[in-house]
Structures are given as structure tokens and as C-alpha cells.
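Morning, everyone. I'd like to take a few minutes on aromatic rings. Please have a look at this one with me.

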Amino acid sequence: MPTSSTPPKGSKGFANSMLKTLGLPAFKLPSRNWMLFWTVLTASLSGVAYDKYEQRKIIDYYTGKVKPLSQKPLDTNKLPRKITVFIAPPPNDYLDSSMKIWRRYVKPILHYSGVDYELIEEENQGVIRTTVANHLRALRKELQSSNNEEDTILFDEKSAQPVSTDNGQEFKRRFDYRDVMGIFHTHQKPKEIISEDSSISDSKLSGGVICLGRGAYKEYITGLHEGLLGPLEAPVEEQLSSTVMEGTALTGPLRSSNDQENILEADTLTIADSAVDNMTAEDKLVGTNISGEATIKEEVDEKTAEQNSKVLKPFISPSEYGAAEFPFPELEMHNTNIRETKNAVPILLHQPVLMIPTPNLLGFLTIPQRIIRFYERRKYCAFVCSQTYGMVKQDTIRPFADPQDLDLGKEEEEDWPRTWVKQGLERKSEWTRELQSDKRVTKFMYIYDRKDNEYDNSK
Amino acid sequence: MSFFGLGGASQPQLTSEQKVKAAETELDLVTDMFNKLVDNCHKKCISTSYTDGTLTTGESTCLDRCVAKYFETNVKIGENMQKMGQNFSSAGKLP
């Protein structure tokens, strides 16, 4: 009997002869099944651990590169550069998926660079477009009214000073606690707060826009066009058929919402009409509601009312872009830019755009692909971090190339669920439409376009 | 931020002496809040290694956010306190 196969004293089982040939002391290996189990377990866990470790290194690398930017001094009457971030959820999924990308990869870099940011999120289609368009329309109205108004101040003939007819209201309005608290005994009280963005001569270096997701990007572009080329007031429609958005969840995953019908500003409908519309909507909702309880109906009413104000029907459709007039003819003639009235920052049109695709696969049959993507997340992390870093550094800005740049991030659309896209095409929802642009608008736009990835190059 | 008009509007029967007292109390409150705000945000936002006398961009943004959050917290807690006070007073009135 060969001695190599006999187990050592005090142990049971069969000792592997290979171990002796390798020169290792003979110890008992677990059975084949256990070996399989431990191999699979350690391989999968170590893959996850390695991926997380690499992601951590990438994020630390980029935040480290960006930290010196936050060490620069800033005067007390100045506001830092402000970046606007538009976040949309992936189709048929929750906003949380996009927020994870924002929180893990984009936000640390923006935070450590000392740059200020403003977040505009949406749960349903159309909110971003409405926000952008409303903002631009409000700006146009203000600029129009400031051109038209004439300031009339009463003048006292004797003293040649403005006469105040109120009873100390002016004093109350002008009263500032800081004057009586004694804060400004060493420094001068700042006359006004100036934004850094407003004092840069080159408007493409001011601010910035991040669109997280193809849907957000599409809505941003359509919002820009709608706000600039569209009418200032909502077009008055005849009797709106309030078709029910049966598939659209008011909370929960983003479905392809039917925002064409059912949503319009309240003042364009008479009260009777709106009551009739609400009634029919309510009845239909109760009809399709599975539980049909009264409490659920009330909740749904509140939510539809809330939604109605956040998402408006587009004031202008893409086919009408060509016919509309561009509201700022001075932009064409001189090398100027339009600024916000509040803080003299160039409007969103002039601020360069960064588009970050958010790939998100859903489904059962795609599970193998999703597993592979899960183990390769560090590559996506490196991509997103380098793009955000490029935006913070502002060294790779180029003008918008009209037909090609509309397809920025188009690869994300391959991930969109086919049934969702089909539904969207039937309902003609925003995200499934082809993005159309007008050259008069896009010739003033810029893009952050960073090709190389410092982290990969530094290794 | 001027609360000066509020006291007079809600209770028109205040004498001028009472109005002056109300104004003084208000000023005290505001100064108190300001001092606490400066203290807290300084502890949280400004690093202790004083290599430079000017505020950096990161510290500035941190201070802006700190002040905004402080005021929001103040307002929210004030509202909650008001609700609490109403509950107590209504509970007291019930037999």
C-alpha cells in the first residue's frame, strides 16, 4: 500500500497525493462540491471587492486633483461658479438609480472643487423641459417689460429730492439688521453680491450644465428651444380631451407619460371646463382603479393637481421652430450674451453642456449582461469622473455641432426596454421622439468634450 | 429679513413703549441667532490650519450652505414649536 495515500495519524479521510508531489505537507482538502462552492464564492466576492476598491481609488484620484481649486481665495461679496444639474430617472425605473450615479461619481468631484451646484430632478417626463422653458419665458417677459416701462419718480420742486408719501414704509423696507448689529465696524458692508460667473468675459467659461441621462438631455434641449422660440403665453386650445394616463404611475417607476393631453395651465381653461375635465378624469380613474376606494381617489386628485402644475404641454412643437422668430436679435449681430436679470449670469443657453449617459439595463433575460456590467462598474466610474473633472477644469469646450451632438449619449437608448419604447412611440411621448433643433439656437451652445481619461493614463 | 412691521400689525393696541420693547426683544433675538449661526458655521466649515487669512472657495460655499440649512432648520423647528404650542393650548381648553 503506498504510504503517500495513507492519511496522517489523527485525521480521517483521504489525503491528496498531489500535495506530496508538490512538496506541501499532506493535509485534507474538502470534497469536490465544497471546493466548487468556496471557489465560486471567493471569486465573486473578490471581484466585487476589487471593483469597489478600484472605484474608490478612481474617485479619490479625481477629487484629489480637484481639491486645489477649492483652496483658492474668494472675496466675501462674491459667489462661486454655479453648475445646474438635470437628473432624470431611467425609463421604467426609479429616480434613485440616477441619483446613485450622481451621488457616487459626480457630486464628490463638484463638492471638492468648491463649485456650487443646483439640482433639478424629475420623477415624470416633462418636468425638466417645463422648468427650463418657464425660466426662459419669465426672463423674456422681464426683459420685454424692462424695455417698455418708464420710471416715474415724484420730485419735490424745492429740494429736488424724491418725495416719499408713505409713513415710514420706505424705512421699513430699507431696514437692515446688519446696520444696527455692529458687524461691519472693520470691513465695509458689501454693496452687492457679485457672482463669479457674471464677471467672466468669456461666457462659455461661466457656469455649466450637466444632463444626467438621455431623457434629461432631450428634455433640456427641447426646453431651451421651447423657451426661446416658443410663445410667451400658452396657446389656447379648444376643449381638451383629458385622456387618462392609465399607464403613468404618479409615484413609482417612470412610465412613458402621455403629457400631450390632460395638462394645461389653469388660466386658459374656464372654471366650468376644468371642473368637467377633472370630473371625467376622476370618474375614469375610479373606473380603472382596482381597489376603487374613496381615499385613493382623493390622493390621486391631489397628485394630478400637483403634476399639472409641474408639467406643461409644450408651447411650440419642433415642426414650428423654423417659423418662430428668435427673440434676441442682438445676439446675432454683436458678440454679446444675454444675462439673467437677478445676478447678471449668462443664461443657460450660453453655458456649456455635459451629457452623461446613464446605462441601465432591466429585465430577466439581460441578467448575464447585467452581471458583467456590475463587475465592470469601475470603467463607467472612470468615464463619469473624468468627464466631470473635465467640466470642472473647463479645458475642453467646443461649439455644439448641430446634427451630431443631438445624438450625444444615444447608446443609452439601446438599454431602454423595448416595450416601454413601443408604448412611448404609440403615445408620442417626449423621450421617444427624435430630437430636433434649430440652428439659430444651437449655434450659441457649447459642449464639454473630453476624450482622454487621466486615471487610465496615470497608471 | 426685517420683522419690524409684524409686531405692530398683529396687535394694533400696543403703546409706543410696548412697541419699542418689542423691537428691542426682536433685535436681541436676531443678534443671538446671528452669534450662534456664526459660531456653528465657523466650527463646521472653516479649517483650523490658518495658512491664509482669506476665505477659500470651498469654505465660502460651505458657509453659504451652512447658513441656508441653519435658517431652514430654524424655520422648520419654529413651525413645529408653534404646532406643539397650539396642541397644548387646545388640550388645555378641552374639559
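This is a predicted model: local features need pLDDT of at least 70, side-chain atom pairs count only at pLDDT 80 or more; totals for chains, interfaces and linings use all residues.

I'll go through ring pairs, then charges over rings.

Now, how many aromatic pairs does the structure hold over all chains? The count is 17.

Take F326(A) and F444(A). Their ring centres are 5.9 Å apart, and their planes meet at 20°. Planes under 30 degrees apart count as stacked, so this pair is stacked. Where do the two residues sit in the chain? F326(A) is in the loop between α9 (294-310) and α10 (329-333) of chain A. F444(A) is in the loop between α15 (439-442) and β8 (446-448) of chain A.

Next, two tryptophans: W416(A) and W420(A). Their centres are 5.6 Å apart, with 75° between the planes. That makes the pair edge-to-face, because the cut-off for that class is over 60 degrees. What about burial? Buried means under 20% relative accessible area. W416(A) has 7%, so it is buried. W420(A) has 1%, so it counts as buried too.

Rings can also join up in a cluster. Here, ring pairs link W34(A), F37(A) and W38(A).

Last, charges over rings. Which ring does K67(A) lie over? K67(A) lies over the face of Y112(A), 4.6 Å from the ring centre. Then there is R137(A). Its charged end sits over the ring of F315(A), at 3.6 Å from the centre.

That's my tour. Over to you.

Methods. Residues are numbered from 1 along each chain as its sequence is written. Chains are lettered from A and ligands numbered from 1 in the order in which they are written. Side-chain values use heavy atoms; hydrogens and water are left out. Rings of Phe, Tyr and Trp (its six-membered ring) pair if their centres lie within 6.5 Å; planes under 30 degrees apart count as stacked, over 60 as edge-to-face and the rest as tilted. Helices (H or I, at least four residues) and strands (E, at least two) are DSSP runs, numbered from the N terminus. Buried means under 20% relative accessible area, exposed over 50%, partly exposed in between (1.4 Å probe, protein chains only). A charge sits over a ring if NZ of Lys or CZ of Arg is within 6 Å of the ring centre and within 35 degrees of the ring normal.
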